[in-house]
Amino acid sequence: MDAQVKQELLTRVHELYERDAFGGIIELLEPQLEELEFELALELSRAYINLGNTMGQGKGDELYLQANALLDKFGLQGKEHAPFLFYKGYALFKLGLVNDALIRFNRALRFVKFGVDDSLLPTIERMKALCESFDPDNTENKLSAADDALLDAHIKEYLGTYQILFKTDRYELLHIKPNEEHPWNLIVTKGLAGKKLNVPLGVDELTNSHVELALCLPPEWEFSTSEEYNLWPINALCELINFILAGHEFVGFGYTFSNDKPWHSSTDFSGGMLTALGGYNQRAQEAILSDGSYVRFFELVFLYPMELAFRKSHDAAALIELFVQKGVRPSPVRKRSDVCAAPTMVAKI
């Protein structure tokens, strides 16, 4: 980016910050997304975070995810940069990844430049103390080395050889490319099972307190672009992961949640449900940890508003039966028929 253009953008950004016009900063910088260098990327990430902070509980998660994803692109440049580490930690904290956030805040303190980052120092200290005050159950959700190795072997044997798509201190997103037997892209978590779920009365704890999640995407899915058109399913998966890690709600087969609006302008999907891992045999659906407890693998499938409404008054099996009856595969798709929509009438002429 031209130096003069960069300076003009920075000047405009600072003017907008004076008015708390965070949306205006996003509108200014997002069209330049592919050309943004480090300093402007920090300003855009900061705007995402600040706008997210103006929203209600849980409403800003998409903005925090966007900030986190943008910062990840500049990880090497930011590894010894206090503001970068602070924004990264703050986004992770807002997404419920308290332990990951604490690591960034501690590191940020090492690289504060006195006379430059002085105003940031008390904020970093405050966020560090807040992270340390959290319930230890929220920061000890990591698999042991032995269990990580067991899960790794299970995934390679039953799901396939993978590449790491995304990694935090708590979990990894693994990408298994299409093959002849499974002609789709499989995204699967490894490490989420470190969180032991609170199991409701009557549900067996041994076999239902650990989960890993998966997402199937079409074989032509483009992973080399950062466009939201391609990122929204993975962002939705990350939102669910963060919800599980930060919360206390039981999550298992049939668990359903709504986004209250379409995940992205390119789709009408506005929620999701966990099902068995379609297209894989029963052995692939579960792994056994070193203490004898089971890890269940569930697939996230996306749902339309009418399907979500149907699910509210019916069990998951009834909705899955509709997919079977109408011959509609719930995944992997960008678009499919809505199994709860009324059939279109064709006029006779």
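This report describes the overall build, strand pairing, salt bridges, cavities and backbone features of one predicted protein model.

## Basis of the description

Because the model is predicted, local features are given only where pLDDT is at least 70 and side-chain atom pairs count only at pLDDT 80 or more, whereas totals for chains, interfaces and linings use all residues. Residues are numbered from 1 along each chain as its sequence is written, and side-chain values use heavy atoms, with hydrogens and water left out.

## Overall build

The secondary structure of the protein chain comes to 13 helices and eight strands, where helices (H or I, at least four residues) and strands (E, at least two) are DSSP runs numbered from the N terminus. The radius of gyration of the chain, taken over C-alpha atoms, is 22 Å, close to the 20 Å that the globule rule gives for 349 residues, so the chain is as compact as a globular protein of that length; the rule itself is 2.2 Å times the number of residues to the power 0.38.

Along its principal axes, the C-alpha trace of the protein chain spans about 65 × 65 × 40 Å. Of the 349 residues in the chain, 49% are buried, a term that means under 20% relative accessible area, while exposed means over 50% and partly exposed lies in between (1.4 Å probe, protein chains only).

## Strand β6 and its partners

Strand β6, which covers residues 271-276, is mostly covered, since five of its six residues are buried. It pairs in the antiparallel sense with strand β5 (residues 256-258) over three bridges, and two strands are said to pair if DSSP finds at least two bridges between them. In this pairing, serine 258 has glycine 271 of β6 as its bridge partner.

Strand β6 is also joined to strand β8 (residues 294-303), and here six bridges link the two strands, which run antiparallel. One of the pairs in this arrangement is methionine 273 with valine 301, the latter lying in β8.

## Salt bridges

A salt bridge is counted when a side-chain nitrogen of Lys or Arg lies within 4 Å of a carboxyl oxygen of Asp or Glu, and by this rule the count comes to 12. In one of them, lysine 6 pairs with glutamate 37, the closest N and O atoms being 3.3 Å apart. Lysine 6 lies in helix α1 (residues 3-18) and glutamate 37 in the loop between α2 (22-29) and α3 (38-53), so the pair ties together parts that are 31 residues apart in sequence. Lysine 6 is partly exposed at a relative accessible area of 21%, and glutamate 37 is partly exposed at 25%.

Arginine 296 forms a salt bridge with glutamate 286, with their closest N and O atoms 2.1 Å apart. Arginine 296 belongs to strand β8 and glutamate 286 to strand β7 (residues 286-288), so this pair ties together parts that are 10 residues apart in sequence. Glutamate 286 counts as buried at 17% relative accessibility. The side chains of glutamate 205 and lysine 196 meet at 2.6 Å, N to O, where glutamate 205 is partly exposed at 43% relative accessibility and lysine 196 is partly exposed at 46%. A network of salt bridges links Asp148, Asp152, Lys156, Glu172 and Lys190.

## Cavities

On a 1 Å grid over the protein atoms alone, a cavity is a set of points where a 1.4 Å probe fits but cannot get out, and lining residues have an atom within 4 Å of a point. Grid points are joined across faces, edges and corners, and a volume is the space filled by probe spheres set on the points. A search of the whole structure finds three cavities of 30 Å³ or more, and the largest cavity has a volume of about 90 Å³.

Of the 14 residues that line the largest cavity, those closest to its centre are Leu215, Cys216, Phe302, Ser331 and Val333. The elements that give two or more residues to this lining are β4 (211-217), α11 (228-246) and β8. The lining divides into 13 nonpolar residues, one polar and no charged, where Ala, Val, Leu, Ile, Met, Phe, Trp, Tyr, Cys and Pro count as nonpolar, Asp, Glu, Lys and Arg as charged, and the others, Gly among them, as polar.

## Backbone features

A cis peptide bond, with omega about -5°, joins serine 331 and proline 332, and proline 332 is placed in the segment after α13 (316-325).

Aspartate 20, in the loop between α1 and α2, has a positive phi of about 55° although it is not a glycine, and it counts as exposed at 54% relative accessibility. Aspartate 260, in the loop between β5 and β6, has a positive phi near 70° and is exposed, with a relative accessible area of 62%.

Note on methods
On a 1 Å grid over the protein atoms alone, a cavity is a set of points where a 1.4 Å probe fits but cannot get out, and a pocket is an open set with protein on both sides within 12 Å along at least five of seven lines; lining residues have an atom within 4 Å of a point.
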